[in-house]
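Here are my notes for you on this one, written as a colleague would jot them down. Have the picture open while you go through the points.

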2 protein chains.
Amino acid sequence: MTREQLRALQWQKLSTGLDRLFASNAFYREKFARSGIAREDIKGWDDFQRLPFTTKKELAADQEANPIYGTNLTEPRDSYVRLHQTSGTTGRRLRWLDTPESWGWILKCWEQIYDAVGIDANDRFFFPFSFGPFIGFWAAFEGASRIGRFVLPGGGLTTNARLQLMLDNGITIVLATPTYALRMAEVAEEEGIDLAHSKVRGLILAGEPGANIPATRQRLEQAWGARLYDHSGMTEIGSIGIEYDELPGHLVLLEDQVIAEVLDPRTLQPVEDGELGELVLTTLGRWGSPLIRYRTADAVRPSWQFRPGGKPFVALDGGILGRIDDMIWVKGNNVYPSAIEGLVREFDEVAEFAIEARELSSGTRLVICIEPKPSVANGPALLASIARMIQDRFYFRPDVVLAEEPLPRFELKGRRFRRVHVDG
Amino acid sequence: MTREQLRALQWQKLSTGLDRLFASNAFYREKFARSGIAREDIKGWDDFQRLPFTTKKELAADQEANPIYGTNLTEPRDSYVRLHQTSGTTGRRLRWLDTPESWGWILKCWEQIYDAVGIDANDRFFFPFSFGPFIGFWAAFEGASRIGRFVLPGGGLTTNARLQLMLDNGITIVLATPTYALRMAEVAEEEGIDLAHSKVRGLILAGEPGANIPATRQRLEQAWGARLYDHSGMTEIGSIGIEYDELPGHLVLLEDQVIAEVLDPRTLQPVEDGELGELVLTTLGRWGSPLIRYRTADAVRPSWQFRPGGKPFVALDGGILGRIDDMIWVKGNNVYPSAIEGLVREFDEVAEFAIEARELSSGTRLVICIEPKPSVANGPALLASIARMIQDRFYFRPDVVLAEEPLPRFELKGRRFRRVHVDG
């Protein structure tokens with residue numbers, strides 16, 4: 001499939017879906033009407049750009065105003081058979097209903113995901129978690145079941161019992177969060193279980209950052225003796241991102257199932273290949289509760305030049321890099337704090353550091369405060385090297401300064417970045 | 001369908017299944033060979049009686065000798081996609097594998113169960129438990145999903161969160177254990193939730209006794225304002241017992257999916273209608289890991305005169321009455337301690353009681369020790385009344401004696417029954 005063929009396929013699916021939304025989805029019918037858009041106005045990709053964005057805030061407000069499911073329902077209420085909820089870590093919890101058709105589409109996406117990571121007939125799956133109202137693992141479980149694989153649920157068990165169940169049954173693939181995969185490795189070590197030589201060959205990890213953080217990744221792959229696959233999904237959209245077996249370090253989006261845009265959050269225009277932008281998604285299959293141009297607030301760096309699995313799908317370098325709100329704009333360039341952090345960490349001479357984005361009326365200035373190791377003789381030279389390398393990579397020159405006093409030491413989850421609004 | 005037509009259907013299914021067992025099931029091929037039985041020996045129902053029984057002990061020994069799944073597998077090992085385990089409360093834990101075909105059969109049984117309790121298109125299901133390696137609720141969940149109903153899983157949540165989820169989503173049917181249904185009612189009361197006026201109209205309860213105990217039943221039905229349905233299933237056999245909507249107080253076995261025998265555990269001959277016996281089951285569909293003449297050790301009292309849902313299926317009066325090992329044989333009559341308990345409880349004058357089965361070389365003597373309430377003037381008359389009523393109902397006369405000192409007060413789960421072996 002070429003990119004043009006993919007676009008044609010997307011358009012065909014989108015057109016059919018839009019027909020349904022204009023016919024019977026109260027949320028989108030009203031939303032499009034408010035924007036002055038009629039069905040016949042959307043004839044091609046240029047028109048697609050006219051469709052208004054959808055935001056999480058807007059969806060939450062709709063569910064609050066129209067309890068309890070809101071109005072984003074294309075089918076009659078009693079056609080819906082599945083409900084999932086967001087975890088509610090950012091703002092209000094969202095409820096998400098699916099029809100059997102939409103749920104089938106989600107399982108179809110999992111078929112593609114399992115294909116991407118090279119699942120074969122010998123693989124045996126373990127799902128070590130409780131099956132609550134969160135969508136991801138239900139979909140993964142039923143998806144693996146649908147392709148005829150051995151599936152073993154481990155709800156309501158201790159970590160030790162789960163490890164034993166996993167080993168006893170010759171499991172090869174484990175689905176978990178990065179945190180829980182680390183916890184399992186920890187308990188295995190306590191119990192003298194040699195996880196690295198078990199039959200587990202693959203970890204599919206999702207639900208939080210971690211699988212895309214090199215240090216976490218390395219630790220997990222070593223402890224488990226297994227290949228790690230970063231996966232991404234959302235209650236609102238479904239499971240649409242996977243790290244292909246042949247393309248480590250990239251999250252690939254199933255663009256035959258979603259339209260992916262990566263936009264500059266200020267201009268709302270597409271970013272260049274390799275530039276940071278906000279991921280905006282449009283469903284091509286979950287028509288029971290669809291999302292059109294959904295602003296995910298996820299910061300990503302797209303590459304369209306790969307062909308994972310022979311498919312012209314976009315690959316996100318480093319996966320989901322964080323929330324777009326944390327992105328820094330400096331003199332027309334954008335950068336994500338983790339990218340600066342990665343670069344500063346390349347300097348062995350740095351003991352600790354802090355990044356401050358000073359927002360002035362004239363624009364943002366980035367100040368990087370460096371505490372060198374005690375052994376460093378020439379502090380100013382170190383600062384200059386760091387500033388030069390940032391300019392080489394990110395096309396702007398930050399202020400790199402010496403810390404006046406020792407910086408606070410941060411735990412793994414500590415934040416070395418802060419945004420400061422400066423008046424005047 | 002008449003009973004004869006049912007028997008013909010059973011025979012047809014059994015014949016096809018036996019062909020498969022003799023062809024490729026190591027466990028049964030060897031077992032039948034040891035009994036000197038060839039395939040062609042089994043031509044009709046009289047021959048069926050020649051098939052040897054299967055016991056849980058035997059299955060556990062097979063799994064121990066042939067780790068980890070044993071030899072009761074009719075298909076190649078990698079045809080199996082589901083694993084469940086017994087809870088291991090009686091003896092060793094058993095592992096049970098299913099092929100997609102067998103799992104499909106289990107879901108088909110659930111279709112019949114939901115039909116029996118009168119599920120319709122408006123029903124919405126809630127499953128408030130963690131989804132671990134126990135079979136029952138997985139099968140119930142996927143069965144409800146397969147008939148297109150709204151299904152809501154509540155794994156990994158607090159009871160309070162589960163109650164809220166249930167109420168928010170207009171749930172009408174809840175599946176749980178009796179213990180957990182009681183717990184939910186308790187928390188609802190603490191939280192000021194009016195469970196009796198929620199939309200929940202049915203409770204399908206399984207996994208332990210309770211739904212068939214009148215006092216527990218009454219308490220649950222009142223607290224929930226809902227009809228309770230007793231359900232029974234086993235990891236080894238599947239979900240094959242349900243209380244039909246029209247036949248309260250009876251567990252009906254899906255005899256088009258299993259052959260049910262109720263046998264006198266001493267003579268191993270069928271008991272009469274209404275007599276106590278041991279339930280012995282033969283699968284008619286789970287051919288991947290089948291059981292032939294499986295001695296369940298469950299004590300039941302069968303009635304073949306009902307036609308629940310127009311079907312000639314056996315109805316077990318009072319459900320599963322307990323373990324067959326607790327059954328008492330007195331002078332050719334058998335009785336279950338709970339039956340004696342039920343009768344004694346009809347006497348308001350009784351404060352507490354204890355039942356002792358004295359096993360002498362001449363047979364068993366039943367001694368019922370009564371502690372009357374302090375207000376009772378004529379103790380001996382009370383004892384005589386009790387003895388007479390037992391003789392009227394159970395056809396033997398026990399010793400009914402006055403307690404010499406106050407009897408211990410029992411909690412709900414306390415045992416008022418003991419068995420005493422008397423030498424000489």
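**Notes on the two-chain model**

1. Let's start with how the two domains of chain A meet. Nine residues of domain 1 of chain A touch seven residues of domain 2 of chain A, where contact means heavy atoms within 4.5 Å. Domain 1 covers 1–322 and domain 2 covers 328–421; such bounds come from an automatic or database domain assignment. Taken over C-alpha atoms, the centres of these two domains of chain A are 33 Å apart.

2. Before you go on, a word on what you are looking at. This is a predicted model, in which local features need pLDDT of at least 70 and side-chain atom pairs count only at pLDDT 80 or more, while totals for chains, interfaces and linings use all residues. Residues are numbered from 1 along each chain as its sequence is written, chains are lettered from A and ligands numbered from 1 in the order in which they are written, and side-chain values use heavy atoms, with hydrogens and water left out.

3. Back to the domains. About 670 Å² is buried between domain 1 and domain 2 of chain A, and carbon and sulfur atoms give 57% of this. Buried area here is the accessible area (1.4 Å probe) that two parts lose on being put together, summed over both. On the domain 1 side of chain A, the residues that lose the most area to domain 2 are A:R266, A:L276 and A:L321, together 57% of what that side buries.

4. How are the two chains related? Chain A superposes on chain B by a rotation of 179° with 0.1 Å of shift along its axis, and the RMSD is 0.2 Å. The same surface serves both: 100% of the contact residues of chain A recur in chain B.

5. Now find helix α8 of chain A, residues 178–190. (Helices are DSSP runs of H or I with at least four residues, strands are runs of E with at least two, and both are numbered from the N terminus.) α8(A) has 13 residues and reaches 19 Å from its first C-alpha to its last, close to the 18 Å expected at 1.5 Å a residue; that expected span is 1.5 Å times one less than the number of residues. Its buried residues are A:P178, A:Y180, A:A181, A:M184, A:A185, A:V187 and A:A188. Among the elements covering them are β3 (124–127), α7 (159–168) and α9 (214–224) of chain A. After α8(A) comes A:G192, with a positive phi near 70°.

6. Which strand of chain A is largely enclosed by the rest of the structure? Look at β8 (residues 238–242) of chain A: five of its five residues are buried, so β8(A) is largely enclosed. Buried means under 20% relative accessible area, exposed means over 50%, and partly exposed lies in between (1.4 Å probe, protein chains only). β7 (residues 227–234) of chain A pairs with β8(A) in the antiparallel sense over four bridges, and a hairpin of three residues joins them. Strands count as paired if DSSP finds at least two bridges between them. In this pair, A:H231 sits opposite A:I242. β8(A) also pairs antiparallel with β9 (residues 250–253) of chain A, over two bridges.

7. Chain A also has an open sheet of four strands, in the order β10-β11-β12-β15, with antiparallel pairing. Its edge strands are β10 (258–263) and β15 (322–323), each pairing on one side only. Inside the sheet, four bridges join β11 (residues 277–283) to β12 (residues 294–300) of chain A, and A:E278 faces A:A299 there.

8. Is A:L14 buried or exposed? A:L14 belongs to helix α1 (residues 3–24) of chain A and is buried, at 0% relative accessible area. Leaving aside neighbours within four places in sequence, A:L14 contacts A:F48, A:I259, A:T282, A:L284 and A:W287.

9. Last, some backbone details to check. The peptide bond between A:P67 and A:I68 is cis, with omega about -5°, and A:I68 lies in the loop between α4 (56–65) and β1 (82–85) of chain A. In chain B, B:L268 has a positive phi near 60° without being a glycine, and this residue is partly exposed, at 27% relative accessible area. B:R293 is not a glycine either, yet has a positive phi of about 50°; at 2% relative accessibility, B:R293 counts as buried.

Terms used. Least-squares fit on C-alpha atoms with pLDDT ≥ 70 in both.
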